[in-house]
Amino acid sequence: RLDTLLAVHQGAYEPAAYEAFRDASLLDAAMSWAAFGDVGALGVLMHRHPMSLRPAWLQLLDALPETLHPRACSHLLPRADGQAPAFLPPLSIGPPPLAGSATAPKAPAGPYLAPPAPPAGVAASAGASATPAARLPPDCDWVECEAVAAELVSDGYESLLDVTEAMQAAAQGTASPPAPAAAEVEQWYVARACTIDSCSGMLPHAIALLEA
């Protein structure tokens, strides 16, 4: 969780923001950032926690403001064949580019407190070449197994399953995050376009979504 929040905040640490993020479920945090229209923070969460968040992929996109131009979230939109965008890996393989990278996400505007300006030297010291593809996933801990995941579920502690991606994979019995079916994606595009038009009156935005 701390690594994820540091990636969102470009390396700056704010104790109150971390406390709020730590105590919230990943889905609640992602929904909050989506509601604020913070596609940068939402993209970081979906990149780092695909096992936890991809089942709610379309739900998260529906939480984005209808006034947000589809071009601003084009990197988050599903493909018509139901496959994930290239930026969503099959497994979480490390943090997004660090602060100072050309593709570093902007600081969030959501409820988990955009931190104060990073200390002097933070951005300058971050390596611009640190890309997700260059980082390997950590080895699983002994507790990150199907037996422990099943016991957590049976004891009513499902909320602990999103602590790590490995635990989510153990709970779901697969290392491949689920993707929505092509028909579901097509229905979502039509429904979302209608929602944008009816809620905001921005017909050009609705058309832009269908053309994405």
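Trainee: Which helix gives the most to the lining of the largest cavity?

Mentor: Helices here are DSSP runs of H or I, at least four residues long, numbered from the N terminus. Helix H10, residues 182-200, gives the most to that lining, with 3 residues. Note that this is a predicted model: local features need pLDDT of at least 70, side-chain atom pairs count only at pLDDT 80 or more, and totals for chains, interfaces and linings use all residues. Residues are numbered from 1 along each chain as its sequence is written, and side-chain values use heavy atoms, without hydrogens or water.

Trainee: How many cavities of 30 Å³ or more does the count give?

Mentor: A cavity is a set of points on a 1 Å grid over the protein atoms alone, where a 1.4 Å probe fits but cannot get out. Points join across faces, edges and corners, and the volume is the space filled by probe spheres set on them. The count comes to 1 cavity of 30 Å³ or more. The largest cavity has a volume of about 80 Å³.

Trainee: Which residues line the largest cavity?

Mentor: Lining residues have an atom within 4 Å of a point. Leu61, Leu64, Pro65, Leu68, His69, Pro70, Cys73 and Leu77 belong to the lining, and so do Trp188, Arg192, Ile196 and Leu209. By class the lining has 10 nonpolar residues, 1 polar and 1 charged. Ala, Val, Leu, Ile, Met, Phe, Trp, Tyr, Cys and Pro count as nonpolar, Asp, Glu, Lys and Arg as charged, and the others as polar.

Trainee: Which residues touch the most other members of the largest nonpolar core?

Mentor: A nonpolar core joins buried Ala, Val, Leu, Ile, Met, Phe, Trp, Tyr and Cys residues through side-chain atoms within 4.5 Å. Buried means under 20% relative accessible area, exposed over 50%, partly exposed in between (1.4 Å probe, protein chains only). The largest core has 34 residues, and Trp33, Leu42, Leu45 and Leu61 touch the most other members. Elements that give two or more residues to this core include H1 (2-8), H4 (39-48) and H11 (203-211). H4 gives the most, with 6 residues.

Trainee: What is Leu45 in contact with, beyond its neighbours within four places in sequence?

Mentor: Contact means heavy atoms within 4.5 Å. Leu45 is in contact with Thr4, Val8, Phe21, Leu26, Ala29, Ala30, Trp33 and Leu53. Leu5, in helix H1, is buried at 4% relative accessible area. The C-alpha atoms of Leu5 and Leu45 are 8.7 Å apart, at 40 residues' separation in sequence. Beyond four places in sequence, Leu5 is in contact with Ala17, Tyr18, Phe21 and Trp33.

Trainee: How many aromatic pairs are there?

Mentor: Rings of Phe, Tyr and Trp (its six-membered ring) pair if their centres lie within 6.5 Å; planes under 30 degrees apart are stacked, over 60 edge-to-face, the rest tilted. The count comes to 3 aromatic pairs. The rings of Tyr13 and Tyr18 have centres 6.3 Å apart and planes at 50°, so this pair is tilted. Tyr13 is partly exposed, at 47%. Trp188 and Tyr189 form an edge-to-face pair, 5.1 Å centre to centre with 75° between the planes. Both Trp188 and Tyr189 are buried.

Trainee: Is Gln168 buried or exposed?

Mentor: Gln168 has 12% relative accessibility, so it counts as buried. Gln168 is found in helix H9, residues 165-172. Setting aside neighbours within four places in sequence, its contacts are Met51, Ser52, Leu161 and Asp162.

Trainee: Where does Gln10 lie?

Mentor: Gln10 lies in the loop between H1 and H2. Gln10 has a positive phi of about 60°, although it is not a glycine. Gln10 is partly exposed, with a relative accessible area of 26%.

Technical notes
1 Å grid on protein atoms, 1.4 Å probe; cavity = no way out; pocket = protein on both sides within 12 Å on 5 of 7 lines; lining within 4 Å.
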